[in-house]
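Biologist: Here's a model I'd like to go through with you. Could you walk me through the terms as we go?

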Amino acid sequence: MFDEGPHLTSSPTLPWGDSVRELVSEAKKRFEWGQIWHSGKGARQMERQVISMMGELFHNDGALGFICYGGSESDICALAAAKGKAFVKRFPDADHSDPYVLIGLVPEFEKKSHSIVMPLHSHYSLYKGCALMGLEPIPVFPKEGTVHEIDPADIRAAIREDTIGLVGTAGTWPFGSIDPIEEMGRIAEEKDLYFHVDACFGGFILPFLERSGYHQNLAAWDFRVPGVSSISADLHKNGMVPPPASSLYFRDRKTIDYARMISPPFGTLSGTRSTGPMAAAWTMLNALGIDGYIAVAEHCMRLREELIEAVSKIPNLKVLGGGMINLTVIYSEEIDLNRSAWLGGRGLDACGRSESTTVEPLCLHHATERRPDPGLCRFPGPDC
Ligand SMILES: Cc1ncc(COP(=O)(O)O)c(C=O)c1O
């Protein structure tokens, strides 16, 4: 009765429907009733192993972090950590080992304004997080004539006296581009700012494409960049774990402690967490292993290449360049794509553009009726 039926998806589907899918579901089911407070050590060990395996792939043996319920939660927790760092700078003599002492200082802290500088196209979870935490987002617009290329000089120019952190994205939604993380990292270090990299989409594909040699000479975007404080990576996107599951990685203990100050005791937004997603994540990572993820990642990109090649042959359709992961922006200057049936029947939205639409099995379309302009992925405003 409640069968979802066939649907369009942006997530890789290779291991789904086969024995890997069964295995992961079984693992999740087995731990479904477990809660992080009461579970034995098993679930925590699995969580730690997932964080340490991915931490290594992000070039940091000492990364600490947690599994949580989606990319939005990961991004919001990273903003909490940015706030925690600002707390410590503002109240150097407070007892930083006691989060409740710091929480008591919130009213005093919030008498001053605090801002986060990030490219305009940053995911709306970051705008949401800023709104929830009383932080002002300062969006940096892309370079003239582009939709996703950010000039580091514009990031620098946007920083104000009240700026506490920067956010960059590795695998932007919907462009699949990578922000200038190295340059942003240098700015963060120089100005002693928290720097979060949102790799919710790219985190479980970029390391594998780099390892396989598919992407050679990709600029460093992870903990190789010394200024990077944290990285979010969604298990339920390219990690292929059933939702809800994301992961957040901090450079070191000091950095995770910033998140724990604002969001005690773990740094997660949730208190009670199910251990099911931990077991599912651990099982998927171990079942596929690095080689399995590499195979899926390369398969994704091959399908993307096929899609691009096919689309390029269709008159009046164009593909936006600059995407580095399994996301593809297709647009037309002549055809009203929003009206096209192949967009999955989502139809026009009130802004006259189609929302992200995905095509089975791997690739994502974000189609517009005209060449994408810098306002394309702006946080939906009252005019929408
Ligand atoms: C770059 C990026 N960050 C954050 C998110 C938020 O993830 P979630 O929908 O799991 O909360 C997304 C979701 O598409 C994303 O693409």
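Modeller: Let's start with packing: the buried residues of α2 pack against α1 (19–31), β1 (64–68), α9 (206–212), β6 (230–233), β7 (246–250) and α11 (276–312). Bear in mind this is a predicted model, where local features need pLDDT of at least 70, side-chain atom pairs count only at pLDDT 80 or more, and totals for chains, interfaces and linings use all residues. Residues are numbered from 1 along each chain as its sequence is written.

Biologist: What makes two residues count as in contact?

Modeller: Their C-beta atoms, placed from the backbone, have to lie within 7 Å. Helices (H or I, at least four residues) and strands (E, at least two) are DSSP runs, numbered from the N terminus.

Biologist: Which residues of α2 are called buried?

Modeller: A43, M46, E47, V50, I51, M54, G55 and L57. Buried means 20 or more other C-beta atoms within 10 Å of a residue's own; exposed means 12 or fewer, and partly exposed is in between, with C-beta atoms placed from the backbone. Looking down the axis of α2, the buried ones fall within an arc of 165° (taken from the directions from the helix axis to the C-beta atoms), so they line one face of the helix. The face turned away from that side carries the exposed K41 and Q45.

Biologist: How do you know that the span of α2 agrees with expectation?

Modeller: The expected span is 1.5 Å times one less than the number of residues. For the 17 residues of α2 (41–57) that gives 24 Å, and the end C-alpha atoms are 24 Å apart, so the two agree.
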